[in-house]
Amino acid sequence: MLAVGVAAAALLWRQSGDAEGQYVLETAVERDIVLNTVATGSVLPRVEVAVKPSVGGILETLHVKPGDVVRVGQPIAELRVVPDTAQVASARAAVQEARIRLSEAERDHGKLAALAGQGAVSSGELDTAATNLSLRRSQHTAALTNLAIVRDGAAQKHGARATEVQATVAGMVLELPVEAGSTVIEANAFNEGTTIATLADMSDLLFVGVLDELEVGRVHEGMQIVVTLAAWPDQELSAVLERIAPKGQDVQGAVQFEVQAALSLPQDGRFVRAGMSANAKIELDRRAGVVALREGALQFDQGKPFVELGGDDAGVRRQDLTLGLSDGIYVEVVDGLGVGAEVRRPAL
């Protein structure tokens with residue numbers, strides 16, 4: 001039994017040695033080598049506008065819903081103003097004061113007009129009185145308008161309604177952050193105001209993503225890229241790189257730069273939605289019609305690449321190589337091999 005065991009062990013050792021000596025041949029070919037990188041990001045509208053009210057109050061009615069397309073000036077919502085007692089009192093006092101000054105101006109102008117008919121005053125004095133009368137009328141109208149806005153939210157001048165929130169740009173309603181019954185604040189110099197609706201032109205979209213600092217030096221504005229949406233991985237959309245951020249952001253120890261590209265919409269009618277996840281394939285470098293070899297055939301000696309030529313152990317010789325661009329599978333052979341050369345690599 002001991003002899004049989006020794007014989008079996010010897011056989012396994014010889015088979016193992018034969019397997020280690022097996023190899024396969026790889027052939028150098030002529031092909032294009034393209035180095036690509038992938039930028040992750042999303043699709044966003046080029047311009048996204050937040051519509052805010054000009055007066056504060058209670059949001060009474062919403063005339064639109066997300067997905068609706070609106071034109072400039074179209075009513076979006078209606079507000080109900082809750083008057084501030086102090087402001088209303090102040091506005092009423094201003095109206096009363098303006099009315100008194102207007103009455104004085106009308107009385108003075110009437111007296112001067114009568115005297116002018118008798119030749120007792122000059123035309124210059126009458127013109128000054130007429131100018132003062134026009135000014136007082138304007139002040140009275142402005143005071144009435146201010147009172148109407150403070151009390152009712154409705155301005156009388158030109159029939160404008162401050163309580164009506166209108167679309168400031170044409171586009172699609174993306175979201176309505178507030179609901180009917182909510183309290184809203186007007187936009188002013190001290191407060192950005194409550195956003196009633198967000199509008200955007202969904203026919204003008206951008207891919208917005210990030211690139212690593214090791215890759216950003218190889219891209220430039222105006223280059224063509226290919227964008228794939230997570231929703232439709234089978235469809236590639238073309239885009240043109242428009243902007244590379246001048247300043248990078250440190251993201252978990254890696255410096256990344258934001259890139260923006262104008263996106264061409266699908267021709268089959270698919271609707272691209274704002275915020276969709278997307279990847280952009282960007283060509284960093286290319287070599288056309290070069291000698292290329294699979295990277296798996298390479299061996300290295302102190303960092304220097306070489307291959308083995310020959311079909312059997314007796315004729316094997318080493319060939320040093322000068323390499324160029326690699327796409328991760330094939331590598332460009334700048335010097336050391338020609339097209340059709342066969343090299344050997346260990347079998348996997």
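So, which side chain does Lys-65 meet in a salt bridge? The partner is Asp-68, at 3.3 Å, N to O. By salt bridge I mean a side-chain nitrogen of Lys or Arg within 4 Å of a carboxyl oxygen of Asp or Glu. Lys-65 counts as exposed because its relative accessibility is 52%; the cut-offs are under 20% relative accessible area for buried, over 50% for exposed, and partly exposed in between, with a 1.4 Å probe and protein chains only.

Quick housekeeping. This is a predicted model, where local features need pLDDT of at least 70, side-chain atom pairs count only at pLDDT 80 or more, and totals for chains, interfaces and linings use all residues. Residues are numbered from 1 along each chain as its sequence is written, and side-chain values use heavy atoms, with hydrogens and water left out.

Back to the charges. A search of the whole structure turns up 15 salt bridges. One of them pairs Asp-301 with Arg-318 at 2.9 Å, N to O. Helices (H or I, at least four residues) and strands (E, at least two) are DSSP runs, numbered from the N terminus. Asp-301 is partly exposed at 33%, and so is Arg-318 at 40%.

Then there's Glu-308 with Arg-344, at 3.6 Å, N to O. Here Glu-308 sits in strand S18 (residues 304-309) and Arg-344 in strand S22 (residues 342-346), 36 residues apart. Glu-308 is partly exposed at 24%, whereas Arg-344 is buried, at 8%. Salt bridges with shared partners also join Arg-46, Asp-204 and Glu-242 into one network.

Okay, helix H2, residues 85-117. Its 33 residues should span 48 Å at 1.5 Å a residue, and the end C-alpha atoms are 48 Å apart, which agrees; the expected span is 1.5 Å times one less than the number of residues. Its buried residues are Val-88, Ala-91, Val-95, Ala-98, Leu-102 and Ala-105. An α-helix has 3.6 residues a turn, so residues three or four places apart point the same way. After H2 comes Gly-119, with a positive phi near 80 degrees.

Last, confidence. The mean pLDDT (the predictor's confidence in each residue, from 0 to 100) is 85, and 89% of residues reach 70 or more.
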